[in-house]
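Trainee: Hi! Could you walk me through this one?
Mentor: Happy to. Let's have a look together.

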Amino acid sequence: MGDRKTASLLPLLCLFSLLVAAAAPRCAAYSPRTLFLVKPDPIVLRDHGGALLTGNLTVKVNVLYYGRFAPAQRAVVADFVRSVSAPAPRGAAEPSVASWWRTVSLYRGGGARLRLGRELLDERMSLGRSLSLENVTALARGAGHHRGAITAVLTAPDVLVAPFCMSRCGAHDHATAGAHGRARYAYLWVGNPAQQCPGQCAWPFHRPSYGPQAPPLVPPSGDVGTDGMVISLAALLAGTVTNPYGDGYYQGNDADGAGPEAATACAGIFGSGAYPGYPGRLLVDRATGASYNAVGLSGRKYLLPALWDPTTSQCRTLV
């Protein structure tokens, strides 16, 4: 676990927008371009008492790939989701993806177990190459199979989404389905930043567009965009489970649940000793030089964001 000073040393890297349209996602993943050089106040998330996706549930994560994703890119994402609730290998000396997710189980009710659900391909981009947030909601709705599931819409590097790069790297929200429109379901969207904004949404695997400059780290998969996307996906899954409907855990009293959440409260922190422009102490693969802090199924390595620990009110890191 990172030191107690870590949360107070690092700024939020997320711009939060209060969007009043019911279909527009409200909770944004962080963007490294918003590195601040001032010391922020400590982050404290408040439990607003709403429904969470809790430990007595096994929630499927259905993934919709919008645009062209290579099989290797899809495998990185699929293995990450599979690894979240997988048992750690016996005798494992390194932290696992599952041990990262255990921090979510410390929230009220315990975090839900996740498993990979359906993987859907929309390579022809049925709604075009330029999307609005309403289009993202429509894609999530059209994916179907919402009961007991989170739908993750992932957009390819050449797909434009209205707020992507400008203020966010992804978002999560909820909508209604069913014959009477009363059944709520959660969904999220993450963009691949490789072409449009690697300096904003793929840090620390790319030099940040703003703020302190340091050499970029080598991504575990060898793909800057995919590993940057996994960071945002991980942050948004944690936010979705602990604040699925906007009335769970987040900072502040905003009625729309638009404040920092489980991962965005610790944005930019990946290892102990982190500070603005420096992600913290990490593990390094001796063969490839890649930086990581968690190991998933089949030995695949990932860099995952710190999560806010409700038992200590601090950001918990794996290394």
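Trainee: Which residue in E9 is the bridge partner of His174?
Mentor: In E9 that partner is Ala186. Before we go on, this is a predicted model, where local features need pLDDT of at least 70, side-chain atom pairs count only at pLDDT 80 or more, and totals for chains, interfaces and linings use all residues. Residues are numbered from 1 along each chain as its sequence is written, and side-chain values use heavy atoms, with hydrogens and water left out.

Trainee: In which sense do E8 and E9 pair?
Mentor: Strand E8 (residues 170–177) pairs with E9 in the antiparallel sense, over eight bridges. Two strands pair if DSSP finds at least two bridges between them. Strands (at least two residues) and helices (H or I, at least four) are DSSP runs, numbered from the N terminus.

Trainee: And how many bridges join E6 and E9?
Mentor: Six, in the parallel sense, with E6 covering residues 149–155. Leu154 stands opposite Val190 in E9.

Trainee: Why is E9 largely enclosed by the rest of the structure?
Mentor: Seven of the nine residues of E9 (residues 183–191) are buried, so the rest of the structure largely encloses this strand. Buried means under 20% relative accessible area, with exposed over 50% and partly exposed in between (1.4 Å probe, protein chains only).

Trainee: New topic! How many residues does the largest nonpolar core have?
Mentor: It has 75 residues, and those with the most contacts inside it include Phe80, Trp101 and Leu237. Helix H6 (residues 224–242) gives the most to this core, with nine residues. A nonpolar core is a set of buried Ala, Val, Leu, Ile, Met, Phe, Trp, Tyr and Cys residues joined through side-chain atoms within 4.5 Å.

Trainee: What about aromatic rings: how are Trp203 and Phe270 arranged?
Mentor: They form a tilted pair, 6.1 Å centre to centre with 55° between the planes. Rings of Phe, Tyr and Trp (its six-membered ring) pair if their centres lie within 6.5 Å; planes under 30 degrees apart count as stacked, over 60 as edge-to-face and the rest as tilted.

Trainee: Are those two buried or exposed?
Mentor: Both Trp203 and Phe270 are buried. Trp203 lies in the loop between H5 and H6 and Phe270 in the loop between E10 and E11, so the pair ties together parts 67 residues apart in sequence.
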